[in-house]
Amino acid sequence: MMIQTKRLVLRPWTIQDLNDLLAIANNRNIAMNMRDRFPHPYTREAGEEFLKLFGGEKTPQEIMCVTLNEKPIGSCGVFQKDDVYHKNAEIGYYIGEPYWGNGYATEAAEAIITHGFNSLPIERVCASVFSGNDASKKVLEKLGFNYDGVFRNSVFKFGEFRDEYHYSVMREKWFAK
């Protein structure tokens, strides 16, 4: 599966992307805004494990390689939740630091959210952003997400507590824009 936007292509990750993945993911400025399952340093072994789990068309979760002119520049995914939250999905994304400030995260997130609403039996997409990541807050606000609230000092990352800001958008609002 591929998703084409104005400037980007979102496609499955492949083993051929390993070196590009390592070049963009092994960055403390990215890792500081990700959950701990996104390691830092981002080693070759971590990259190989990620591609083994999520590379190719076989993955049940939609974790896509974000490419610009066929070069991987980031990752974006939408993940359906389970149990009583099964009508919800969570979005996650990152763009390599050399590509920041160009609107690529917004463009990729918009595409994957639309894909999520069209392919998953969900009614809501949510996202959480750690304090200090104002660029990611702006992405969600540009996309029309509602600010749902903050969990104070709920994240402990790199030896310090950080707040976690919660955002969401409902299906009917997404398609009404």
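A: To begin with a definition, a charge sits over a ring if NZ of Lys or CZ of Arg is within 6 Å of the ring centre and within 35 degrees of the ring normal. The charged end of Arg28 is placed in this way over the ring of Phe158, 4.0 Å from its centre, and the charged end of Lys137 sits over the ring of Tyr165, 3.6 Å from the centre.

Q: What kind of model is this, and how are residues numbered?
A: This is a predicted model, in which local features need pLDDT of at least 70 and side-chain atom pairs count only at pLDDT 80 or more, while totals for chains, interfaces and linings use all residues. Residues are numbered from 1 along each chain as its sequence is written, and side-chain values use heavy atoms, with hydrogens and water left out.

Q: OK, how many aromatic pairs are in the whole structure?
A: The search finds nine aromatic pairs, where rings of Phe, Tyr and Trp (its six-membered ring) pair if their centres lie within 6.5 Å, and planes under 30 degrees apart count as stacked, over 60 as edge-to-face and the rest as tilted. One of them is Phe38 with Tyr94, which is edge-to-face at 5.2 Å centre to centre and 70 degrees between the planes.

Q: Where in the chain are Phe38 and Tyr94?
A: They are 56 residues apart and link distant parts of the chain, with Phe38 in the loop between helix H2 (28–31) and helix H3 (44–54) and Tyr94 in strand E5 (residues 88–95); helices (H or I, at least four residues) and strands (E, at least two) are DSSP runs, numbered from the N terminus.

Q: Are those two buried or exposed?
A: Phe38 is buried at 11% relative accessibility, and Tyr94 is buried at 9%, where buried means under 20% relative accessible area, exposed over 50% and partly exposed in between (1.4 Å probe, protein chains only).

Q: And what about Phe50 and Phe54?
A: Phe50 and Phe54 form a tilted pair, 5.6 Å centre to centre with 45 degrees between the planes. Both lie in helix H3, four residues apart, about one turn of the helix. Phe50 counts as buried at 17% relative accessibility, whereas Phe54 is partly exposed at 24%. Together with Trp13, Phe50 and Phe54 make up one aromatic cluster.
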